[in-house]
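Subject: Handover of a protein structure

Dear colleague,

Please find below the structure that I am handing over to you. My notes on it follow directly after it.

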Amino acid sequence: MTSVSRPLRDDAPAAALGSHATETAPVFASLSVLDLFKVGIGPSSSHTVGPMRAAWDFVRLLDAAGSRATTVRLRIDLFGSLGATGSGHGTDTAVMLGLSGLAPDTVTTDEIAATLEAIRADRTLLLGGAHPVPFDEKTAVVFRPLTLRPEHPNALRITAYDAEGETLQTHGYYSIGGGFVMRHDEGDVLAPVPEPADAAGPLPMPFTTGDQLLAHCRENGLSIADVMLANEAAWRSEAETIAALEHIWQVMQDCVDAGIRTDGILPGGLDVKRRAKGWHDKLLARDAAGTDARDLLEGMEWVNLFALAVNEENAAGNRVVTAPTNGAAGIIPAVMHYADRYVQLADRRLPWAVEFLLVAGAIGIIIKANASISGAEVGCQGEVGSACAMAAAGFASVIGATPEQIENAAEIGIEHNLGLTCDPIKGLVQIPCIERNAMASVKAINAARMACHGDGTHYVTLDTAVETMRRTGADMSDKYKETAMGGLAVTYVEC
């Protein structure tokens with residue numbers, strides 16, 4: 001992993017949000033498919049999962065220094081986008097859960113509710129699940145939306161104090177999208193949190209660009225899924241990778257099942273009504289009634305439903321898979337469910353769902369290495385656009401596309417999401433996020449089918465589209481980057 005040496009300065013002056021632009025995000029030298037697909041909780045990978053992991057890491061560092069038992073006060077500073085939309089995204093509660101020793105991939109909804117209820121009732125937080133610390137979230141959590149950090153707009157700092165008011169530990173963190181977190185330690189160096197497992201050796205076929213990936217396929221006579229699986233052997237056995245990806249697919253299916261069984265109002269104050277259950281009931285009733293005239297757009301109805309189900313679960317703070325982020329978590333599951341329902345899928349060497357996720361992961365690695373999957377950094381083109389490209393590639397693969405056609409499908413998916421802004425109303429991952437996932441799911445299927453009608457040759461490469469997304473994000477005003485200070489977020493209020 002390549003470290004970044006520019007300092008994280010707590011004395012940096014406040015700046016107007018519209019003037020901030022990220023220079024270079026931290027780059028991981030080696031990424032696993034399981035880095036892109038992680039089980040977590042909603043509503044946001046960057047604003048919920050990442051800060052929760054940062055807080056969990058902070059407790060680990062306190063324990064390593066033997067300082068947990070002497071901590072009597074905690075302070076959490078949320079900067080930039082975390083400060084601007086953290087309340088709507090549950091950043092404050094996520095940090096409280098992480099400080100309580102809970103992790104996003106294992107915590108249950110019952111544990112979340114019980115932990116937060118106890119903290120608020122007793123005004124006491126059990127640090128690491130054991131040591132009681134007085135805690136009033138109204139004063140302990142400080143939202144600082146106009147204070148920006150140089151490396152990334154999603155920044156936070158956690159500080160622990162002793163009885164004399166002296167600082168025991170203080171650490172700055174960047175939540176860089178998709179649940180990835182970087183910690184700032186002494187010496188102005190950024191380190192991943194937690195440190196990823198070291199590869200057993202060099203990847204046999206490393207790639208960070210689409211051209212490199214296709215070259216490996218041509219030179220070795222391999223599919224994209226085979227290239228990915230060979231590289232994954234640097235972390236774990238083939239059987240372990242397959243089992244882990246089958247688990248990811250199962251969690252995605254469980255999420256859809258939960259979404260189509262649950263109705264009611266989503267939390268946050270917008271009073272957005274869940275639609276997936278009612279929509280599902282209508283589709284089932286229509287199928288049961290049977291009609292002579294078949295609806296030619298029935299498939300689109302179902303893919304829309306699958307995306308809504310996942311993103312309503314995400315908005316409710318329930319269990320989802322970052323794919324590659326929570327804000328875009330519905331796209332890949334929706335396209336996979338569509339494939340499962342409407343396409344004659346035959347497992348080849350690999351189970352079809354494993355092949356889909358490996359290929360989608362390859363595209364995600366390329367995007368993350370060269371641009372961003374963070375809405376706070378490049379707008380929603382980095383979240384929904386990336387997921388659309390990943391889903392298009394995965395779908396193209398399982399319907400028999402060549403590596404060149406798969407690369408073309410991914411390029412179409414990202415090209416036609418360029419410039420997409422991130423402007424959530426009230427900072428909630430509800431409007432326009434839920435419907436946006438449905439629209440991108442349909443677009444991903446269309447991109448794959450369009451690419452499969454060609455021979456893989458095309459004018460704009462995936463690498464060109466990814467670089468264009470990076471540049472577009474750098475040019476985009478920060479009020480359109482998950483700050484709730486532009487676009488629908490303000491037009492809705494004005495109306």
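The lining of the second largest pocket consists of ten nonpolar, eleven polar and no charged residues. In this scheme Ala, Val, Leu, Ile, Met, Phe, Trp, Tyr, Cys and Pro count as nonpolar, Asp, Glu, Lys and Arg as charged, and the others, Gly among them, as polar.

This is a predicted model, in which local features need pLDDT of at least 70 and side-chain atom pairs count only at pLDDT 80 or more, while totals for chains, interfaces and linings use all residues. Residues are numbered from 1 along each chain as its sequence is written, and side-chain values use heavy atoms, with hydrogens and water left out.

The second largest pocket

The volume of this pocket is about 330 Å³. Gly 42, Pro 43, Gly 90, Thr 93 and Gly 317 are the closest to its centre among the 21 residues that line it. Helix H3 (80-89), helix H4 (91-99) and helix H5 (109-122) are the elements that give two or more residues to the lining. Because domain 1 (44-193) and domain 2 (210-234 + 236-491) both contribute lining residues, the pocket lies between them; the domain bounds come from an automatic or database domain assignment.

The terms are set on a 1 Å grid over the protein atoms alone: a pocket is an open set of points with protein on both sides within 12 Å along at least five of seven lines, a cavity is a set of points where a 1.4 Å probe fits but cannot get out, and lining residues have an atom within 4 Å of a point. Grid points are joined across faces, edges and corners, and a volume is the space filled by probe spheres set on the points.

The cavities

There are four cavities of 30 Å³ or more. The largest cavity has a volume of about 130 Å³, and of its 16 lining residues Gly 327, Glu 383, Cys 422, Val 429 and Cys 433 are the closest to its centre. Helix H17 (residues 433-452) gives the most to this lining, with three residues. By class, the lining of the largest cavity holds seven nonpolar, five polar and four charged residues.

The chain as a whole

The protein chain has 19 helices and ten strands, which are DSSP runs numbered from the N terminus (helices H or I, at least four residues; strands E, at least two). Of its 495 residues, 58% are buried, where buried means under 20% relative accessible area, exposed over 50% and partly exposed in between (1.4 Å probe, protein chains only).

Residues in the loops

Two peptide bonds are cis. One joins Gly 42 and Pro 43, with omega about 10°; Pro 43 sits in the loop between strand E1 (38-41) and helix H2 (45-64). Another runs from Ala 323 to Pro 324, with omega near 0°, and Pro 324 belongs to the loop between strand E10 (319-322) and helix H12 (331-342).

Is Gln 430 buried or exposed? Gln 430 counts as buried because its relative accessibility is 4%. Its place is in the loop between helix H16 (403-415) and H17. Apart from neighbours within four places in sequence, Gln 430 is in contact (heavy atoms within 4.5 Å) with Leu 266, Pro 267, Leu 270, Val 272 and Ala 315.

Glu 482, in the loop between helix H18 (462-475) and helix H19 (488-494), has a phi near 60°, a positive value in a residue other than glycine. With 3% relative accessibility, Glu 482 counts as buried.
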